[in-house]
Amino acid sequence: MFTVFDDNHFMREAMKQAQMAFEEDEIPVGAVIVLDHHIIARAYNRTEQLKDVTAHAEIMAITAASDYLGSKYLKDCTLFVTLEPCLMCAGALKWAQIGRIVYAAGDDKQGFMRYGKEVLHPSTQLAYGVMQQESSRLLRTFFKAKRTIDKLL
């Protein structure tokens, strides 16, 4: 059964954030954090703009959600992110005790699943593959353009 507030709906919102990152020449990863079917945080990668290696979409979203809630714990929240979180972001999500993570595309090179689900908080639920093709396509387009530019230089 389709509802307005299903995983696809919120992943589309995360994809909008990824598109914003793409347009700002950042690696196109977007994230939203949801509580009770309401988006409480939106973010995208800003590592180049902020010159900060920790400015991943997930970290930025955790900070915004924690500020919104006035709490460092996100136990009742769901993170929707367009790319499997890296180990750094998985660690932050563990400490935030995020209730659920839904990611679109896997990341065989840098994703946390290389180390197993055990890097997350034991109560965190995990889902993946929602809008995987769309997210992968945006990432491939971004990196293909980067390789083309590098060849021209």
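## Cysteines and helices in a predicted model

C77 is a buried residue, with a relative accessibility of 2%; buried means under 20% relative accessible area, exposed over 50%, and partly exposed in between, using a 1.4 Å probe and protein chains only. Before going on, note that this is a predicted model, in which local features need pLDDT of at least 70, side-chain atom pairs count only at pLDDT 80 or more, and totals for chains, interfaces and linings use all residues. Residues are numbered from 1 along each chain as its sequence is written, and side-chain values use heavy atoms, with hydrogens and water left out.

Let's start with the cysteines. A disulfide is a covalent bond between the sulfur atoms of two cysteines. Here a pair of cysteine sulfur atoms counts as a disulfide if they are within 2.5 Å, and by this rule there are zero disulfides. C89 is in no disulfide either, as the nearest cysteine sulfur, in C86, is 3.7 Å away.

| Residue | Relative accessibility | Class |
|---|---|---|
| C77 | 2% | buried |
| C89 | 0% | buried |
| S66 | 16% | buried |
| K16 | 48% | partly exposed |

Next come the helices, which are DSSP runs of H or I with at least four residues, numbered from the N terminus. S66 sits in helix 3, residues 57-69. Which residues does S66 touch, leaving aside its neighbours within four places in sequence? They are S71, K72 and L74, where contact means heavy atoms within 4.5 Å.

Helix 3 also packs against helix 4 (residues 87-96), at an angle of about 20° and with the axes 9 Å apart. The two helices are therefore roughly parallel, a label for angles under 35 degrees, while over 145 is roughly antiparallel, 65 to 115 roughly perpendicular and the rest oblique. On the helix 3 side, E58, I59 and I62 meet M88, C89, A92, L93 and A96 of helix 4. Of the residues in this contact, seven are nonpolar, none is polar and one is charged. In this scheme Ala, Val, Leu, Ile, Met, Phe, Trp, Tyr, Cys and Pro are nonpolar, Asp, Glu, Lys and Arg are charged, and the others, Gly among them, are polar.

Finally, K16 belongs to helix 1, residues 7-23. The C-alpha atoms of K16 and R42 are separated by 9.6 Å, with the two residues 26 apart along the chain.

Definitions and conventions:
Axes fitted to C-alpha atoms, helices over the stretch in contact; angles between N-to-C directions.
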